[in-house]
Amino acid sequence: MISKQFSGSEEHMNQSIMGIHDVQKKISEGRSLLLAGEEAIIQQLPKGNWVGGTIPYFITKEHGGLASRELIFVTDITDIAQSVSIAQYNKDTLANVYVEGPKQGFSFILIPAASETHLSFAVNAPNYKSFGMSPLIGWIAGVHLDDLGKKTPKVFNGSTGSMIEDGAIVLQAELKPGKLAEIGIINLFEQGDGDTLTFSADGFSAKDVMVNGAPQNFAAYLKEHNLDTRLPIVADYYGALVNISFQCINEAENMVHFYAPVFSGIRYKHAKPIADYVAAFDAHVSKVMGSDTDKVVFSCNCILNYLFSNLENKKTGAFVGPVTFGEIAYQLLNQTLVYLEIKDY
């Protein structure tokens, strides 16, 4: 359902961390904004051309990795958008997200972590009609890690002022003539040389696994081999590597839980360790993109990379933005960085 439509202005686009008064000023100027911050701060914002999700962790240009309950990360897309619409979906209607995407632009999606919509999107998105036919990027909203189990993640529709904890908010941006949206993924993890793992069913948890074709309890397998669950298992989709991150091992039930679903018939391997995330990140960007990063207008990185690679106070070049409970580049991803480039043609 499209709730509102409006046109962009000609001011410059930027990404920055701001206090609430500066964000309120931007909203009052009618700018089109992608926001990330604590629930209590975002709730104080007036209606306007914005969408937002809850998270208190960010990568900033000024400070690198940063945790703040007072500041808001702002991505201003006014300069590139011809027009912007905001749509709200539930787990049943979200299957239309690609069909209803802009003809010449991109869709930006926000979903609360652990909601039914999050789980449904994770499992079903690749089967949605017209999957991948139009650029879809976004992230999974979260909470401060001290608030796990106490608060629920939320997403916001700034045009209506509504806040939801189950569903998806999608900003659909039609780009100005001559501009093209491209989505990129930076995944530093590679498959290791260990066993091949397969699962008999799709889902966010698994009790059993096939190890090189032999059935075994997965929790027992992880313990027996003392595998580092800070590293994901990695699938190779014809050269595209997709991570599945470990959430926890339920020892009482001998069950392993993940942050993204595993799929039956897919071959996974435990990832190779990364000694220095920032050094590996810089080397990857230099190799793949060189110095051509000025077209990056939005990016988000995974909370697991933030934690396990100690990214607080560390910088990742042009790749700034919220630190998330999941990344979306057409489908749900984990332990990756996803980014949006706007190029001229």
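In strand β22, the bridge partner of Ile249 is Val256. The model is predicted: local features need pLDDT of at least 70, side-chain atom pairs count only at pLDDT 80 or more, and totals for chains, interfaces and linings use all residues. Residues are numbered from 1 along each chain as its sequence is written, and side-chain values use heavy atoms, with hydrogens and water left out.

**Sheet**

- Strands β21 and β22 (residues 255-262) run antiparallel and are joined by four bridges; strands are DSSP runs (E, at least two residues) numbered from the N terminus, and two of them pair if DSSP finds at least two bridges between them.
- The order β16-β22-β21 describes an open sheet of three strands with antiparallel pairing.
- Its edge strands, each pairing on one side only, are β16 (203-206) and β21 (246-250).

**Largest cavity**

- Three cavities of 30 Å³ or more are found in the whole structure; a cavity is a set of points on a 1 Å grid over the protein atoms alone where a 1.4 Å probe fits but cannot get out, and lining residues have an atom within 4 Å of a point.
- The largest cavity has a volume of about 90 Å³, a volume being the space filled by probe spheres set on the points.
- Its lining includes Tyr237, Asn243, Phe263 and Gln331.
- Strand β20 gives the largest share of this lining, three residues.
- The lining of the largest cavity holds 10 nonpolar, two polar and no charged residues.

**Second largest cavity**

- The second largest cavity has a volume of about 50 Å³, and Glu38, His144 and Lys151 are among its lining residues.
- This lining divides into three nonpolar, four polar and five charged residues.

Methods
1 Å grid on protein atoms, 1.4 Å probe; cavity = no way out; pocket = protein on both sides within 12 Å on 5 of 7 lines; lining within 4 Å. Nonpolar A, V, L, I, M, F, W, Y, C, P; charged D, E, K, R; others polar.
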